[in-house]
Amino acid sequence: MDNHLTDNTARRYKAHVSVLGTTQLHLRSPSIIAWWSAAYPGFGHLLLSKYLRGFVLFIWEVFINLNANINLAILYSFQGKFEMATNVLDSRWLLAYLPVYFFAIWDSHRTTVDMNKVYMLAEREDHHFNLFSIGLMEINYLDKRNPMMAAIWSAFVPGLGQLYIHRLVTALFVISWTVIFLYLSHLLEAVTLLISGDLSQSTAVLREEFLLMLPSIYGFAIYDAYVNTVENNKLFEKEQRRFLKDNYQDSNFQILKGEKVNE
């Protein structure tokens, strides 16, 4: 149940509030979105709320990366073992990986440019959208939240910041894959052994190909939670300003620009 039903009288809407989250259009940097797609295919599209495309590219990255041994090759390169890095790569999978990788970067950049244009047109129309949604399982409403708090929770566990700002789809996806990578990398087991003082065993149990997946997820979760909290706050302020103007401002009130007021 929404407090305002979309009547489809506008060609474009700036935002939509549902029980699964708040989806909105706002200006984004195409270069930054493309960078996140380069860091991990799918992340750029998730930042744009293009969930299905982002999920497909993310799962493709995991599957091909592990079969091509790309993370192991990166690790050996960092250690200066370039011959081992070359030998460990599986060219059959690598050649399938590259076209999709570059597509993710190109498509996220192109989509960002298009969505920025759509946002500017929707901003000019400035049509009403729903602010409150209540369903059998969830309640979501537009309000202000603390961006730093969202980033801090995501730094503890990726996905918690998204839960804080009610981005349930992204939260479920990020939390699920974080748990998978933590388990398969044996990171928590290694930390436990390190605290116990068994450094050699702590290093031995780590699975590097899964461990290298985690920095990208942590970085994305922190950035996504912070940016979306800031943009949600802006959206709330704009809507609140319009509500107060429509309901409480005198219709004869005018702001005089460029005229000197006599004291």
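1. The model is a predicted one. Within it, residues 55–79 are 92% helix and 0% strand, and the C-alpha atoms at the ends of this span lie 32 Å apart.

2. The unreviewed UniProt entry carries the annotation "transmembrane region" for residues 32–48, 55–79, 91–108 and 171–195. Such annotations may be inferred rather than shown by experiment.

3. The largest nonpolar core has 25 residues, of which Phe43, Phe58 and Phe181 touch the most other members. At least two residues of this core come from each of helix H1 (30–39), helix H2 (43–47), H3, helix H6 (91–125), helix H9 (168–185) and helix H13 (214–248). H9 supplies the largest share, five residues. Because domain 1 (12–142) and domain 2 (144–236) both contribute residues, this core lies between them.

4. Which residues of the lining are closest to the centre of the largest pocket? This pocket has a volume of about 430 Å³, and of its 20 lining residues Ala39, Asn65, Ile70, Asn71 and Ile74 are the closest to the centre. Two or more lining residues come from each of H1, H3, H4, H6 and H13. H4 gives the most, with five residues. By class, the lining of the largest pocket comprises 16 nonpolar, three polar and one charged residue. Domain 1 (12–142) and domain 2 (144–236) each provide at least three residues of that lining.

5. The second largest pocket holds about 190 Å³ of space. Its lining consists of Lys14, Glu123, Asp126, Phe129, Lys238, Glu239, Arg241, Arg242, Lys245 and Gln249. Eight of these residues are charged, one is polar and one is nonpolar. H13 gives the most to the lining of the second largest pocket, with five residues.

6. Asn65, Leu66, Asn69, Ile70, Asn71, Leu72 and Glu209 form the lining of the largest cavity. Helix H3 (51–68) and helix H4 (70–78) are the elements that give two or more residues to this lining, and H4 gives the most, with three. The lining of the largest cavity divides into three nonpolar, three polar and one charged residue.

7. Most residues other than glycine have a negative phi. Ser49, however, has a positive phi near 65° and is found in the loop between H2 and H3. Is Ser49 buried or exposed? Its relative accessibility is 15%, so Ser49 counts as buried, the cut-off being under 20%.

8. His186 also has a positive phi, near 60°. His186 is placed in the loop between H9 and helix H10 (187–195). With a relative accessible area of 29%, His186 is partly exposed, a class that lies between the 20% and 50% limits.

Notes. Residues are numbered from 1 along each chain as its sequence is written. This is a predicted model: local features need pLDDT of at least 70, side-chain atom pairs count only at pLDDT 80 or more; totals for chains, interfaces and linings use all residues. Side-chain values use heavy atoms; hydrogens and water are left out. Helices (H or I, at least four residues) and strands (E, at least two) are DSSP runs, numbered from the N terminus. On a 1 Å grid over the protein atoms alone, a cavity is a set of points where a 1.4 Å probe fits but cannot get out, and a pocket is an open set with protein on both sides within 12 Å along at least five of seven lines; lining residues have an atom within 4 Å of a point. Ala, Val, Leu, Ile, Met, Phe, Trp, Tyr, Cys and Pro count as nonpolar, Asp, Glu, Lys and Arg as charged, and the others, Gly among them, as polar. A nonpolar core is a set of buried Ala, Val, Leu, Ile, Met, Phe, Trp, Tyr and Cys residues joined through side-chain atoms within 4.5 Å. Buried means under 20% relative accessible area, exposed over 50%, partly exposed in between (1.4 Å probe, protein chains only). Domain bounds come from an automatic or database domain assignment. Grid points are joined across faces, edges and corners, and a volume is the space filled by probe spheres set on the points.
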